[in-house]
Amino acid sequence: HYRSHCPPSPLFFHPPQNQTHPLAKHTYIALYTMDQPWNQATLATWEMMVSKKKWSVCVIGAGPSGLVAARELRKEGHRVVVLEQKHDVGGQWLYDPNIEKEDPLGQTKFLDVHSSIYTSLRLLSPREIMGYTDFPFFVKEGPGRDPRRFPGHKELWLYLKEFSVHFGLRELIRFNTRVEYVGMLDGSCGGLKWVVKSRKLLKVATSSANYYDNNKQKVDEIGSDVGSEEVVVEEVFDAVVVANGHYSHPRLPSIKGMDTWKRKQMHSHVYRVPKAFQNQVVVVVGNSLSGQDLSMELAGVAKEVHISARSQNTLTEGFSTVISKYENLHLRPQIKSLEEDGRILFVDGSFVVADAILYCTGYTYSFPFLDTKGTVAVEDNRVGPLYHHTFPPSLAPSLSFVGIPRKIIAFPFFESQGKWIAQVLSGKRKLPSPDDMMHHIHQFYRQREADGIPKRDTHDIIHFEMQYCDMYADQADFPHLEEWRKKMCLVALDNSYANLETYRDSWDDDELLQEALQSPHFTQQLGPIIT
């Protein structure tokens, strides 16, 4: 069976005929104990694992998921390169005020602006539950620091920057490097590999024909302006980990008249401050968390704010209280159409003449660089097929995704994902066969449908159960979430539902807070800084 799939070569040999080879016994065991169908990719993959060869891995993105994945991969001895399109770490949490060149509706293939953070944004969850398991999100005093339990976005970015420095991750990262293409490269008996093409902005003193980046990788000249050059780098990796986030590419509704409405339309992705809406009539589409936040902020400057909600039955007590408090804040049903004279018609027959529409309608998963020949696709905001939101069965383990699940206690979950991927690649953990993984995925889809969860919410874990995070952690012997962390998350959610305007500054979980601060998580001694 083995000989029929791959001819003899220095890398592959026939155990009965090569008993003196130092790997013969191990290869024989690997071939005849696996329970999945053999092909060239799986043969090469397991040859690599058995011989303890470490993988070259490209991690796409240096946000919260990419950073911790890179750390776990390096722990397992893999050779890691992180490609980050911006000038620093943080991903979504690296605030970008320069939105002038961005499409207001964010409908270009590659966005100039990655972060959707607005100036006034504060965390939705208390800092105590946010940190990675071995790097608590401590309160830090000093200029520019925010000691509040629900700090502003800059404080979390500083935490991520400190994490990257403490664990020596910055040396792995190529900043100002945008990934433009990731595709399969058939290595025949060498196994499936991935070609990665990226575009990098280099600072140079001359305009010679060839340039080299910080890793001595030769690149070809694209631009010619002295002072900076855009260059394209093409490399081959054994594995790719996609960690580019999912709060950048706007998801828009389909409304009659959107293409011909002449007044201002924009998605919350490019919203930063309310000044541009001074004394205007604004329609906010969507009553999600961002829709609620921005409606309250706009009510302080706009003439009128009309909130169009798909279903008014989903309004929380806290948001209903806010609407009743502000005289210029009005609740409207779903939009029927946009008229060229500036009117916005609602399904109940009412209308308003508006100056601007702000779409707070969420985001869609987008991987414009990824070419899997249709194996992995995004359909109605479902990325699939993915085994436990991570591995596409037919391409595992050389392709994986970190950070796909939403509505979770994010950082510990990303950490467990990164550890699992790293251990699968190193051979410490074994995946089921592709057929078994697909069977599990279909079961999961059927259960979601039976529970009445729309396809677009496939990756919303909070709809499932918090215990899923523990089940997931078991795959890499990762510690379960502490009970105080789970309870604190739920208490904060309940408080936000009831007291939307004040929950970040007024809470009644002091006993939980003391339990958290006295737990091993916060009393642990941090390891030395890795240099």
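This is a predicted model: local features need pLDDT of at least 70, side-chain atom pairs count only at pLDDT 80 or more; totals for chains, interfaces and linings use all residues.
In total, the structure holds 6 cavities of 30 Å³ or more.

Next, go to the second largest cavity, with a volume of about 70 Å³. To display its lining, select I409, P412, F413, S416, C469, D470, A473, F478, P479, H480 and L481. Two helices to show here are α8 (410-426) and α10 (467-473), each of which supplies at least two residues of that lining. By class, the lining of the second largest cavity has 8 nonpolar residues, 2 polar and 1 charged.

Keep α8 on screen and bring in helix α4, residues 64-75. The axes of α4 and α8 lie 8 Å apart, and the two helices pack at an angle of about 35 degrees. Their crossing is right-handed. To see the contact from the α4 side, select P64, S65, V68, A69, R71, E72, L73 and K75. From the α8 side, the selection is F411, F414, E415, G418, K419, I421, A422 and L425. Coloured by class, the contact of α4 with α8 divides into 9 nonpolar, 2 polar and 5 charged residues.

For the last stop, switch to strands. Select β14, β15 and β16, which form an open sheet of 3 strands in that order, with antiparallel pairing. The edge strands are β14, at 335-338, and β16, at 351-353; each of these pairs on one side only. From one strand to the next, the twist averages 20 degrees.

Then zoom in on β14 and on β15, residues 343-346: the two run antiparallel and are joined by 3 bridges. Which residue in β15 is the bridge partner of L338? Select I344 to see that partner.

Methods. Residues are numbered from 1 along each chain as its sequence is written. Side-chain values use heavy atoms; hydrogens and water are left out. Two strands pair if DSSP finds at least two bridges between them. Helices (H or I, at least four residues) and strands (E, at least two) are DSSP runs, numbered from the N terminus. Axes are lines fitted to C-alpha atoms, for helices over the stretch in contact, and angles run from 0 to 180 degrees between N-to-C directions. On a 1 Å grid over the protein atoms alone, a cavity is a set of points where a 1.4 Å probe fits but cannot get out, and a pocket is an open set with protein on both sides within 12 Å along at least five of seven lines; lining residues have an atom within 4 Å of a point. Grid points are joined across faces, edges and corners, and a volume is the space filled by probe spheres set on the points. Ala, Val, Leu, Ile, Met, Phe, Trp, Tyr, Cys and Pro count as nonpolar, Asp, Glu, Lys and Arg as charged, and the others, Gly among them, as polar. A crossing is left-handed if the near helix is turned anticlockwise from the far one by less than a right angle, and right-handed if clockwise. Contact means heavy atoms within 4.5 Å.
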